[in-house]
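Student: Please take a close look at the pockets and cavities of this model. Which residues and elements line them?

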Amino acid sequence: MVAGALLVTLSILPAFGYAQDLGVPLSWRKFNNSRSVSERISISQNGINALLPQLNGGTGEFNGIGYWQSGNVWTAMANQDRFAGTTVNKAQVTNNLNTVFNLRANYDQFGWWAQAAIAGYRAYKDNSLLSHAVATWNHVSNYVITQAQANAGSNPNKNFSLSKTCNGITMAGGVFWRPTTDDQSVNSITTGLYISTSALLAEITGDSKYTNAAILSAQWIRNLNINTGNLVLDTVNGHDCSRSPASWLFTYNSGKYLEGLSVLADVTGDSQWRTLMVNIAAAAMKNAPWQGSDGIITEGSDTTANNDGVGFKAIFIRGLCEVFARNPSNTDLRILIHSYTDVQYNALLDLAANGSTYSANWHGPPQGFTSWGQLASLDVLGSAIVAN
């Protein structure tokens, strides 16, 4: 995952007040499809099945990809069953997630595996998975800057002084990237994961502590780490307020925040979160540096070696799928997300497919199987079930 470089400062003045253009760009490549839902379900499940031989049953992880990427395979598999109304993947998901959480206490320092556990709970209502997510939330909460810690300028798990404010705005709600005592980076992805996990736990349990946590962290990103183009930035240094480069724009930062905002808007009924969600979603699909005029995502296209960026774009598509599902009355937004998802879906199937396996480069050409290319495809294939 990307750490925060401490290289630049910039003004953060996101444009929340104006309505975004939700029209579909006509330059996008193939922004619809006519495949039946049964065909889409089959294509998606076949993509999962092609990756399963890489599973290491002793660890619950997959050969060829990292531990956080492996956690996202289980999320995609649980979502597949929820979207399709099946239990095809239930035994694999529940057994392997229980294996992982029972093997390693506090292994999930960011929340990726907690997200998989919540996805499993949403699909199968298995309380053991929910308990794993709660345990991870409790652990990660030790690395969230509370208002009291911001006021005091210290976190008990860090050996440096905290900046109480950055740009005159409280650092409360930000989540540290690494749990080591000396790491000073406060990241949008760790904060976004915490928002999404908190909001989903609030929705599932009705416990206000999760709602309040999600709100505080959502405020941190909104107030401190979005650029003037409504794209989520990467890192703020918790000690001296220095920033990662303005060019560090990654799909998963906006994607995970979108997912969290969509749930938070439902949990709170507060329209400000839905308005912000729409603005970021439109900017991320239409005005971001990770796609060209054809609309196909270019980030994470390495066909020779795995890297974190290959997994980022899957998180983005998953977040858009959550937004699509939770906003049935916003027809224009749903058409845009449907169209954007189909651009990626058709690119995978037309340009990057080798049977049921897919290149990490969605422009193609097809290549032999790689675990990372397959991982990147799964959320697109699954989201196409919902967004059509």
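Tutor: Start with the largest pocket. Its lining has 7 nonpolar, 4 polar and 7 charged residues by class. The model is predicted. The space in this pocket is about 200 Å³. Of its 18 lining residues, Asn 79, Arg 82, Arg 122, Glu 259 and Glu 322 lie nearest the centre. Five helices each supply at least two residues of the lining: H2, H4 (112-124), H9 (251-268), H11 (308-326) and H13.

Now the second largest pocket. Its volume is about 150 Å³. Two elements give two or more residues to its lining, helix H3 (90-103) and H5. H5 brings the largest share, 4 residues. Among the lining residues are Val 100, Phe 101, His 132, Ala 135, Thr 136 and His 139. The classes here are 6 nonpolar, 4 polar and 2 charged.

H1 (37-51), H2 (67-84) and H13 (371-386) each give at least two residues to its lining. That lining includes Ser 44, Ile 48, Asn 79, Phe 83, Leu 378 and Asp 379. It divides into 4 nonpolar, 5 polar and 1 charged. Asn 79 lines this cavity and is also one of the residues nearest the centre of the largest pocket.

The second largest cavity holds about 50 Å³. Helices H5 (127-140) and H7 (188-205) each supply at least two of its lining residues. Among them all, Phe 110, Thr 136, Trp 137, Leu 193 and Tyr 194 line this cavity. Its lining has 6 nonpolar, 3 polar and no charged residues. Thr 136 lines this cavity and the second largest pocket as well.

Definitions and conventions:
Residues numbered from 1 in each chain as written. Predicted model: local features only at pLDDT ≥ 70, side-chain atom pairs only at ≥ 80, totals over all residues. Heavy atoms only, no water. 1 Å grid on protein atoms, 1.4 Å probe; cavity = no way out; pocket = protein on both sides within 12 Å on 5 of 7 lines; lining within 4 Å. Nonpolar A, V, L, I, M, F, W, Y, C, P; charged D, E, K, R; others polar. Points joined across faces, edges and corners; volume = space filled by probe spheres on them.
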